[in-house]
Amino acid sequence: MFEWAYDGVNASIPRNSGPECAYYLSPKRRIIETSLVSIFIISLLVWGYKRIRLPPRVSYVDHDRVGRRVLLIIMSLVLGMELGFKLTSRTFVYICNPCHIITAVQLYLLAAEPSPTVTAIFRIHLNFMNGPVLAYLFPEIQSRNIFADKALYYIQHGLMVVIPYYLLRLGGVYNIEPLSDMSWCIFSYGLNLVYHFWILQAIAWPIQVNLSHMLCAAVLDPFAGQNYRLWTIVHQGLLCPILCKSLCYASDFFLTRFLPTKVKPSLECILPKKKSKYECNEKLREDTNVSGNGHTRVN
C-alpha cells in the first residue's frame, strides 16, 4: 500500500536497501540488542528527566524580526523542495531520517510563540547537531541525481547549524543551561536513541530500507561488523554532547565577547531592537535559592 514511498530507493548503492542489508544482523541479534538498548534508553530518560530544569521566570518577549522571518521562509522552501523531490522520485520514506525531523523542529522554533515548551524543545534539539556535522563529513548523495537535489542537501544541513546560532543571538526563550549541566544532553540522547531503535528500526525493517543505517553499517563505517550499532551508541553518545556544548560555547564567545561580532553582554540578554540599548531580561535569572539549571551563561 505504501510502495509509492520507497519504490524508488536505489538498491544498486551498497548497503542502501534490500535483503542483504536487512539481514546484516540476524533477527535474534536485532531483538536482543534492541531489548538491551531499551533498558539503557529508559535509564537515560529517567535520569535526565529528574534533573532537567527550566528558568522559573521568563519574560516572553516577541522575537518578530526580519532575520527570523527570512530563515523561516528559506528553511520552509528547502524542506518543501526536499519533500517534492522525494515524492517525485518515490523515495518519500527518507523524510523519516533524523535531519528532516530536526528541520521540521527548527521551523516550529522559528514560528512558535514564546513559551516554556519552546525553551525545552530548543535545548533538546541542540543535542541533535551531530546530523548536519556528519552529513558534511560523510555526504550521502549517491542517490541524488539532480544538481538541485544535491545542492539542497548541503543547504539544508548548513541552515541546521545557522538557525540555532541565530536563535541564541535573539535570546529570551532561546536560552541554554550551564556548560557543566549534562542533564539536557543525557535526556536528549535518550530521545535520540528512542527515535532510532523504536521508530526508525520499526519503519526500516519491513521495507528493507537502511534508514539512518539502522539495518546495516555504512560501507565506510570503521566499526562495521555485528557490533556496529553498539559502537555507534558509544561514539555518538560522546559526539552529541560535545557538539552541543561546543556550539553553545562558540555562540557565547562570538555573541558576547568577540568584539567584531558582539551584540549583547551575555546570552541571557534579549537582543535589543536598537543597537544603542541592551535589553537584559532579568527574569531569566533565578533566585539564589534555586538550582542553577535555569541560567544561560556558559562561561
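The loop between α8 (183-207) and α9 contains Gln208, whose phi is positive, at about 60°, although the residue is not a glycine. Helices here are DSSP runs of H or I with at least four residues, strands are runs of E with at least two, and both are numbered from the N terminus. Because its relative accessibility is 24%, Gln208 counts as partly exposed; this class lies between buried (under 20% relative accessible area) and exposed (over 50%), with a 1.4 Å probe and protein chains only. Ser212 is found in the loop between α8 and α9 as well. Its phi is near 50°, again a positive value in a residue other than glycine, and a relative accessibility of 25% places Ser212 among the partly exposed residues.

The model is a predicted one, in which local features need pLDDT of at least 70 and side-chain atom pairs count only at pLDDT 80 or more, while totals for chains, interfaces and linings use all residues. Residues are numbered from 1 along each chain as its sequence is written, and side-chain values use heavy atoms, with hydrogens and water left out.

The protein chain comprises nine helices and two strands, arranged from the N terminus on as α-α-α-α-α-α-α-α-α-β-β. Of its 299 residues, 48% are buried.

Helix α3 (residues 66-88) and helix α7 (residues 147-170) have axes that come within 10 Å and cross at roughly 150°. This angle makes α3 roughly antiparallel to α7. Axes are lines fitted to C-alpha atoms, for helices over the stretch in contact, and angles run from 0 to 180 degrees between N-to-C directions; those under 35 degrees count as roughly parallel, over 145 as roughly antiparallel, 65 to 115 as roughly perpendicular and the rest as oblique. The crossing of α3 with α7 is left-handed, a term used if the near helix is turned anticlockwise from the far one by less than a right angle, with clockwise giving right-handed. For α3 and helix α4 (residues 98-111), the axes likewise come within 10 Å and cross at roughly 150°. The two helices α3 and α4 are therefore roughly antiparallel to each other, and their crossing is left-handed.

On the surface, a nonpolar patch is formed by Leu179, Tyr249, Phe253, Phe254 and Phe258, which together have about 410 Å² of accessible area. Patches consist of residues with over 30% relative accessible area and no salt bridge, like charges being joined within 9 Å and nonpolar side chains (Val, Leu, Ile, Met, Phe, Trp, Tyr) within 5 Å. A salt bridge is a side-chain nitrogen of Lys or Arg within 4 Å of a carboxyl oxygen of Asp or Glu. Accessible areas come from the Shrake-Rupley method with a 1.4 Å probe; for residues, only the protein chains shown count as cover. Phe258 is located in the loop between α9 (228-256) and β1 (269-270) and, at 33% relative accessibility, counts as partly exposed.
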